[in-house]
Amino acid sequence: MALARILIVEDEKHLADGLRFNLEAEGYEVETVDNGEEALTKGDFDLVLLDVMLPGMDGFDVATALRARGEVVPILMLTARSRPEDVLKGFAAGADDYLPKPFDLAILMARVMGLLRRAQWLKQQPAAAAADAFEFAGKRVDFDLLELAAKGERIPLTQMEASLLRYLIQNEGRAVSRKSILETVWDVHEDTDTRAIDNFIVRLRKYVEEDAAHPRHLLTVRGIGYRFVATPNSGNETAPD
Ligand code: CA
């Protein structure tokens, strides 16, 4: 496997240099930029370390712009404080994980490795058939390509979106708690605000539901979390298919 390439977007030079030094010591290939505009001119990275407070475009804008053009690269956001609103805003913008500043270098390394490992895990999941994919209700999730084919479109998924969808699909028909999602998909074991997950579900519903306001596949289980249903049975629902 080629060395993972990491883009650091950080305007505090000493921090950027320190991160680069330590990541390179771990064998990663690293490039640093000190502003968001320049970050958007770069491509072909396996992970982006993205500071929120930047001159000009902030980290939220950069993440949003990357996702808007279909980039699925894992984004680890560095937030000034772990204010819940910043964390949620980061996830909504497309971040896969976040780390509040100041952070412990060992924790940062673990998060970086975790994100890269999950990216690999997604690619290497044993495929029962030729392709690692799941089909339901005329839609197809391709876990190799990180792509969802739905509504006549091919929608790129971020690794976290794909991981979350995979976890829900693996538990089809069963309610999964927000806590277990955090632990399994994000590898977060602290007591974290689980509302971040809800933002991901909102995004996934936009992709897979005919009517995101009346979901039939990604159902909310009140007080617990979510439940994936591949084939909604009619019951009191109307089947638009
Ligand atoms: Ca900064």
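The model is predicted: local features need pLDDT of at least 70 and side-chain atom pairs count only at pLDDT 80 or more, while totals for chains, interfaces and linings use all residues. Residues are numbered from 1 along each chain as its sequence is written, and side-chain values use heavy atoms, with hydrogens and water left out.

- Arg67, Ala68, Glu161, Arg203 and Tyr207 are the closest to the pocket centre among its 16 lining residues.
- Two or more lining residues come from each of α3 (59–68), α4 (84–93), β9 (153–156) and α8, and α3 gives the largest share, three residues.
- By class, the lining has eight nonpolar, four polar and four charged residues.
- Domain 1 (5–124) and domain 2 (128–228) both contribute to this lining, so the second largest pocket lies between them.

**Contact of α7 with α8**

- The axes of α7 (residues 178–186) and α8 (residues 195–208) come within 9 Å and cross at roughly 80°.
- The two helices are therefore roughly perpendicular to each other (angles of 65 to 115 degrees).
- Arg178, Ile181, Leu182 and Trp186 in α7 meet Ile197, Asp198 and Phe200 in α8, where contact means heavy atoms within 4.5 Å.
- This contact has five nonpolar, no polar and two charged residues.

**Terms**

- A pocket is an open set of points on a 1 Å grid where a 1.4 Å probe fits, with protein on both sides within 12 Å along at least five of seven lines; lining residues have an atom within 4 Å of a point.
- Helices (H or I, at least four residues) and strands (E, at least two) are DSSP runs.

Technical notes
Axes are lines fitted to C-alpha atoms, for helices over the stretch in contact, and angles run from 0 to 180 degrees between N-to-C directions. Angles under 35 degrees count as roughly parallel, over 145 as roughly antiparallel, 65 to 115 as roughly perpendicular and the rest as oblique. Ala, Val, Leu, Ile, Met, Phe, Trp, Tyr, Cys and Pro count as nonpolar, Asp, Glu, Lys and Arg as charged, and the others, Gly among them, as polar. Domain bounds come from an automatic or database domain assignment.
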